[in-house]
Amino acid sequence: MSLVSAPGAGTWLGASPEVLVEVDEQGVFRTMALAGTQALAPGALPQHAIWRQKEIEEQALVARYIVSCFKQLRLREYEETGPRTVVAGQLLHLRTDFAVNLRQVPFPTLGTDMLRLLHPTSAVGGMPKQAALSFLQEHEGYDRAYYSGFLGPVNLPQAGVSRLFVNLRCLQLHPSRPFCMQAPG
Ligand SMILES: C=C(O[C@H]1C=CC=C(C(=O)O)[C@@H]1O)C(=O)O
């Protein structure tokens, strides 16, 4: 959950399930391929969820894109777990987790390099990236402002520890009306 209010930026309330890049206290870099959405039915077990081919393929595209980013950086020592079904509030998603232990694989700029390569992810920008972004620029017809950007604590609670989330499922509070942002899953 996030609530950010800053002069010039406005007031934004959000609940994002998607980590864009993270480096934790143990020096582990993480990112994830998150896609596919279905409701969590009352009493149902997430591990019994059935995914359609479309969702499986969409999530696999996102996972492959992350692998291609590691390849661009010539990084081969990453751990990949999944895809598995995860719960986010009342929703289920398909998620593959990626981790690199930076104490074993010295790559001090990995967080920044991956941020540069990943943003905007295919979930919010499309794929292939440049063509999709040009298409959006031409046809979308409105300013997303901070929606689908990223936010989170940087160098907190200590230097080198950061957690950035894709700014999904959010609303901007205006004095007269809230404006809610939600992409189709
Ligand atoms: C882009 C959004 O969700 C992403 C994260 C999880 C599942 C998604 C999906 O089902 O496609 C999206 O990739 C959003 O909720 O605005």
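**Terms and basis of the model**

Helices (H or I, at least four residues) and strands (E, at least two) are DSSP runs, numbered from the N terminus. This is a predicted model, in which local features need pLDDT of at least 70, side-chain atom pairs count only at pLDDT 80 or more, and totals for chains, interfaces and linings use all residues. Residues are numbered from 1 along each chain as its sequence is written.

**The annotated domain**

An unreviewed UniProt entry assigns residues 10-175 to the feature "domain: Chorismate-utilising enzyme C-terminal". UniProt positions follow the numbering used here, feature names are shortened, and annotations may be inferred rather than shown by experiment.

**Leu92 in strand β6**

Leu92 belongs to strand β6, which covers residues 91-101. Leu92 is buried because 20 other C-beta atoms lie within 10 Å; the classes are buried at 20 or more such atoms within 10 Å, exposed at 12 or fewer, and partly exposed in between, with C-beta atoms placed from the backbone.

Beyond its neighbours within four places in sequence, Leu92 is in contact (C-beta atoms, placed from the backbone, within 7 Å) with residues including Gln38, Leu40 and Thr85.

**Backbone features in loops**

Most residues other than glycine have a negative phi, and most peptide bonds are trans. The bond joining Met127 and Pro128 is cis, with omega about -5°; Pro128 lies in the loop between α2 (110-118) and α3 (129-139).

Asn155, in the loop between β7 and β8, has a positive phi near 55°. Asn155 counts as exposed, with 10 C-beta neighbours inside 10 Å.

Conventions
Two residues are in contact if their C-beta atoms, placed from the backbone, lie within 7 Å.
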